[in-house]
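Subject: Structure for your reading

Dear colleague,

Please find the structure below, together with its sequence.

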Amino acid sequence: MKKLILYTALLGLPLLSQAQAPAPAPAQQQPIALMNGIAHLGNGQVIQNSAILIRDGKIENVVDATNARLALDGYEVISVEGQHVYPGFILPYTNLGLREVDAVRSTIDDAEVGDFNPNVRSLIAYNTDSEVIPTVRTNGILMAQVAPRGGLISGSSSVVALDAWNWEDAVVQEDDGLWMNWPSIYRRTGWWAEPGPIEKNKNYDKQKADIESFLGSAVAYSQGGKPKETNLKLEAMKGLFDGSKRLYITANYAKEIVEAVKTAQKYGVKNIVVVEAEDALYVQDFLKENNIPVLVANLHRLPDRPEDDVDLPYKLPALLQKAGITVGLLYDDLKSSRNLPFFAGTAAAYGVEREEALKMITSNTAKILGVDDRAGTLEKGKRAILFVSQGDALDMRTNNVSMAFIDGRKLNLTSRHIELYEKFKNKYEAQPGQ
Amino acid sequence: MKRILLPLLAAAALLLQPALAQENFPVNGVSDNRPQRYAFTHATVVQDYQTRIEDATLLIENGKVVAVGKNVTIPPGTTVHDLKGRWIYPGLVELDASYGLPPVEEKPRASRADGPQMETNTPGAYAWNEAIKAEYSAVSDFNAKDSEAKALRDLGFSTVLTHRHDGIARGTGALVTLADDKSHNVIINPRASAHLSFDKGSSRQDYPGSLMGAIALLRQIYLDSRWYTSQQEKPFVDRSLTAFNEQQRLPQIFEVKDMLSVLRADKIGDEFGQQYIIRGAGDEYQRLDAIKATGARLIIPLNFQPAYDVSDPLDEMNVSLADMKHWEMAPYNPMLLQQKGIEFALTTDGLKEKKDFWTNLRKAVKYGLDKQTAIKALTHTPAQLLGAGNKVGALRGGMLANFIITSGDVLEDDATIYENWIGGKRYELKAMPAQELAGMYRLDLGGNTYNIEISGPADKVKFRLMESDTTGHDMNALVGENLINLTFSPAPKDTSRTQLVRLSGWWDGRNWKGLGRNEQGQEMPFTLSYTGPAKERKQADKKPAAALPKPGEIPQPFLAYGQVKPLEAKRYLIKGATVWTNEAEGIMQNADVLVEDGKIRQIGTNLSAAGAEVIDGAGKHLTSGIIDEHSHIAIQGGVNEASQSVTAEVRIGDVINSEDINIYRQLAGGVTAAQLLHGSANPIGGQSGLIKLRWGKAPEEMKIQGADGYIKFALGENVKQANWGPHYTERFPQTRMGVEQVMVDAFTRAKAYEQAWKDYNGLSRRAKANATAPRKDLELEALLQILNGERFITSHSYVQSEINMLMKVAEDFGFTINTFTHILEGYKVADKMAKHGVGASTFADWWLYKMEVQEAIPYNAALMHNQGVVTAINSDDAEMARRLNQEAAKTVKYGGMTEEDAWKMVTLNPAKLLHLDGSMGSIKAGKDADLVLWNDNPLAIYAKPLKTMIDGVIYYDLERDEQMRRELQQERARLILKMQEEKKNGGDTKPVAVKQQKVWHCEDLSGLNHVHHSEHEAH
């Protein structure tokens, strides 16, 4: 045991001794005017020559600079001419800050043991000093919904802004909703390297019954006035029935999606979001009729079935959007989650109009998470969470974040990656013959 | 001729007669050897699959055939069976059984907690590998067991080849009959065959953990057994090697699980001068041409699947098109093999229910299998394959009296097998009515005559009152051995006449006769007399529905987006495109490219080429095809032979899977070539397979001819099993220190090996004759190739220390590492890499998933490139490979590469790393026409391939893809309808199972029946 600890400690050392995540930026002192950039408002509109005024951490105004007469005395005026301005991208359903190194168990804090853990809260485990956070910001991701996973009901997520000294400072919305993993109807046989045919999950009925029983108890508990004995789990469920919390349900096969939503509705859950939803296409009418928004998982995945259109995952957002469903995009793989903007780019390449695709990582997501009153667009009164890119931020070829703001605070955009890059670039440049 | 021979044969048969009871056994009581001579007369005898004799006699005595023919003299004292109307066939021969053998002990699967099993658990002086059980001899274990024999006997089989289905080299099989007798008496040939497979069976030894490992092991066993045998004085005793060598002259039967493995097995046979008989899986129709080319004779199951229950569309969508089509096509497999001229035997093995055998066989006949071929596949072929054609498989004098008696043509639906005679002993399967009645009859009743047809075997006859030659009405009949009762309406069409004619009579030896009452109840005599056979009419009676159903189309590969017709190379002129040449010309605007004979012929402006198909390139971008330096698609049976630290002997090229949908998906992403790499679970992995994504071609045709040989090495956490959990702490190495020593040791051994051969080859002819050649070792051969610059290393690597280490090891042994792959800390030692001359193939932006990637940065590619390292961006991922253009674009973002240089990272640079830049990687006259036409700048996320061409063949075309999607829908709809009809007609259905496709990554540890794996699918 000692040996193991020692080993882990040794491996951990370089992590700690090297580049730290940069310090959070100080509070905004002076109003800022971002002038002449191409503003993508995140609501579908673009202002080709914009003026974006930021004061006291909020967006004071967004106007067309071509005609507006602006009094900018006292403003820090920053020209972003030719550059693109976007609302900060939102990464929903992420374990950012809850997990550092997949292979090292001690760095993993994203899944609690047991089937029903609605009382578990991701926010308090969210590590603002994670080395990963600075690396997603440089692609334009400035907000995240930090969510637990595992079990049938995993716990509650919170929405955070990605520049903070600690989790309390990071909050955009505390405990925005609870997470449920709808059991699979199908169960894979064999093992992963030699998968057998997929069978019906024999435990499905039981797991579904467990969920129903739990929801039933939660409803009863919520209606019973002050309980004699506090039940932490059921207490945590209350917000689902009065609409103050959302229920995010991960489900993939078509029937699972329907069963999940119908079950939640049966027990009076008000705000339901379907997550992952690889087969959402086949129940699009159901989702539309029930006004269920969808957080679509990894666009950069293989089609589920050999006969699927080869580009089916790429065009899924377009197909759902066409059906009238509110779509947000998520990236369920921490190591690559900084590539979320390129999911939107892919959606745009496969049928979604570009500004609509942008909404899928900004305003749609904000709306789905219930923070659209504060964030998600470049609009007057919202929190000044935004960034500037030298080119189209949805395309890796041109995404190049030159500055970013959270509540008007101009972020230090360095990261371990940039520091290591500089370190070795300098090494080689200093070598003779370079 | 026959008549002259017959007495001679009969005499010969008598002379050869063995005693009926084993004569060395003491008898309890008085001797009781009864006369055992039988004659079967007036039967239709199928003497062999191509000779049918009507009204013939079969004479047998003491378990052997004496004579067959029309004019056989029946000696006095013979029991005679009149089989008028009945048929006799030679007894059927089953080549795939484990009859009489104890069941293979199912050892529990090793679990992670068990740790590795490095050595064999077989006690004794046997092979080092537990899957090599060549020493096993079925006859030593064989115990005749009537309860087991009965199952096959009831189907009409009398002879089976029994062997133990366990291991890669399975030892010998015994040819035995299914008679209810002592083991001593039923064994026809105690050593009839040798058996092989790719399945390690009950062995829980780690090696081999993959299909390619099984193949490598088998190869080495051939070499080892030859080497071992060649020595006068053995250096040690290995009874498996001795046995393996001794088996080489026996018929070799190789069991495989799918049609690609038929090709694989045959290839190994070719290497070692063996033509295997291959026990296939029933899917051979999917690659008929390639299978025909093997020249192998096959043993084929009739394991047709029930239709899927497709009534629920949300479930039905989870059935793959390939599975649906296989349901439809499997019954055509025997017919298609026959049509192709591939000889095969049929087996009952693989049937879920043995009783389905005849149903399925008759189905195959309905689906076009020639009856003669069907009988041949159950008699002649299996007998011949075992060299037992003089004993079984036909009915000729001196052969075993193994035959079945049937009601008629046994391949007709209503046929009954009454008796199965084995070695002259009778086994009744179904009581045989006194006689067959089928035929045309005339009923005379009170001055009226009626034509009556009797059909079906005697135990289930059908009477019909005939209106014409072809139409008639059913009659009610009760027939016993002596009595008959018949009722019918004499004018069945006239509904006003409801009264029935009723007859009751008896058999007078020739006809039925008796007393009847007509419709009015009047009493009158009747006779029912035979007028002739009914067979002429039978043909015409066939309903149109019973006509040969048309087989579906067979796309290649056999799955969605497969090609029904092979795609062909054409002359193409691509006009007015933005051409990314990757050459000095850079990116040419408005340029033309001419493609001819699979090559790029010319690049320029305003080209014209009469007869060439013109492709409009205006507003589009033309590039050379993407080359993925690190891929694991199109691999079957595991990507890692993770069991040993050094597995240089395994070859990805042995296990290429042409039926992988990801080939097509990657064509749709502009990929034209890939290095299929062994995984990274051990320091020295296996040899690579370099392929072009020639969708539809067989595995061998996908390989790049003349490409250099490559091999995978790996360093760091994977090879030291750092993330395999607490139980994997045994295999050396467990540290980076040990990894170096594995490398040094391997090359040191290879050098010693080389020296040993040099010494041997340098001996005088005389000395050589007295010396033993060194053992040929495929692992060391591969390592030696590296030392001699004939094979090139792609090494998985992460941190700078290990990168530097491997370069130093190579330098000490005088060679250069070709490529570091992953190489995520390459940026820290890029200057040293440039100096060593090694290239890099890396991810654009992966990091984080384990400790050794904590300092991985997305600027890595740019930093290495800037130091002069030839740098490529690879996928190691079936999904990412279809977006490698985007991954290349990230080097523009991270590190400021120019777009031209970024693009080379997925085209020219990987071509250089794979030594393919002479023919690929750029758009240059004379190079292969491996081209992609894009709708946009290929580095843009908005770019899509419109066409992907390899060797001048357009393998992917966006418009054709859309057309194929529609056709796919139609094909599914057609099959779904067909399945629904099957269900409606009472056919079996099975619930839907989802086809999950395995996508390999380089850390996937195992492909065979083994369990250890890393919990996180890290890379």
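The hairpin strands of chain B

Strand β21 of chain B covers residues 472-479 and strand β22 of chain B covers residues 483-488; the two run antiparallel and are joined by four bridges. Ala477(B) stands opposite Leu486(B) of β22(B), and Leu478(B) has Asn485(B) as its bridge partner in β22(B).

Strand β21(B) also takes part in a hairpin with β20(B), and here five residues lie between the strands. Strand β20 of chain B comprises residues 462-466, and its pairing with β21(B) is antiparallel over four bridges. Within this pairing, Arg464(B) has Asp474(B) of β21(B) as its bridge partner.

The barrel

To which arrangement do these strands belong? Strands β20, β21 and β22 are among the members of a closed barrel of eight strands in chain B, whose order is β18-β19-β20-β21-β22-β23-β24-β25 and whose pairing is antiparallel.

The open sheet

Chain B also has an open sheet of eight strands with mixed pairing, in the order β6-β7-β8-β9-β10-β11-β12-β14. Which strands stand at its edges? They are β6 (92-97) and β14 (344-347) of chain B; each has a single partner strand, so one side of each is left without a neighbour in the sheet. Leaving direction aside, neighbouring strands of this sheet are turned by 30° against each other on average.

Within the sheet, strand β7 of chain B (residues 157-162) pairs with strand β8 of chain B (residues 169-177) in the antiparallel sense, over four bridges. Val160(B) has Val176(B) in β8(B) as its bridge partner.

Two crossing helices

Helix α5 of chain B (residues 211-230) and helix α6 of chain B (residues 239-246) have axes that come within 9 Å and cross at roughly 95°. Because of this angle, α5(B) is roughly perpendicular to α6(B). On the side of α5(B), the contact is made by Ile221(B), Asp224(B), Ser225(B), Arg226(B), Tyr228(B) and Thr229(B); α6(B) contributes Leu241(B), Phe244(B) and Asn245(B). Sorted by class, the contact has four nonpolar, three polar and two charged residues.

Chain A as a whole

The secondary structure of chain A comes to 12 helices and 18 strands. Its C-alpha trace spans about 65 × 60 × 55 Å along the principal axes. The radius of gyration of chain A is 23 Å; a compact globule of 434 residues would have one near 22 Å, so the value for chain A agrees with that expectation.

Confidence in chain A

Chain A has a mean pLDDT of 93, and 92% of its residues reach 70 or more. Two stretches call for caution, however. Over residues 1-18 of chain A, pLDDT stays under 50, and the model has three contacts beyond four places in sequence for them. Residues 191-195 of chain A also stay under 50, and for these the model has 14 such contacts. Where pLDDT is low, the predicted coordinates should not be read in detail.

With kind regards

Note on methods:
Residues are numbered from 1 along each chain as its sequence is written. Chains are lettered from A and ligands numbered from 1 in the order in which they are written. This is a predicted model: local features need pLDDT of at least 70, side-chain atom pairs count only at pLDDT 80 or more; totals for chains, interfaces and linings use all residues. Axes are lines fitted to C-alpha atoms, for helices over the stretch in contact, and angles run from 0 to 180 degrees between N-to-C directions. Angles under 35 degrees count as roughly parallel, over 145 as roughly antiparallel, 65 to 115 as roughly perpendicular and the rest as oblique. Two residues are in contact if their C-beta atoms, placed from the backbone, lie within 7 Å. Ala, Val, Leu, Ile, Met, Phe, Trp, Tyr, Cys and Pro count as nonpolar, Asp, Glu, Lys and Arg as charged, and the others, Gly among them, as polar. pLDDT is the predictor's confidence in each residue, from 0 to 100. Two strands pair if DSSP finds at least two bridges between them. The radius of gyration is taken over C-alpha atoms; the globule rule is 2.2 Å times the number of residues to the power 0.38.
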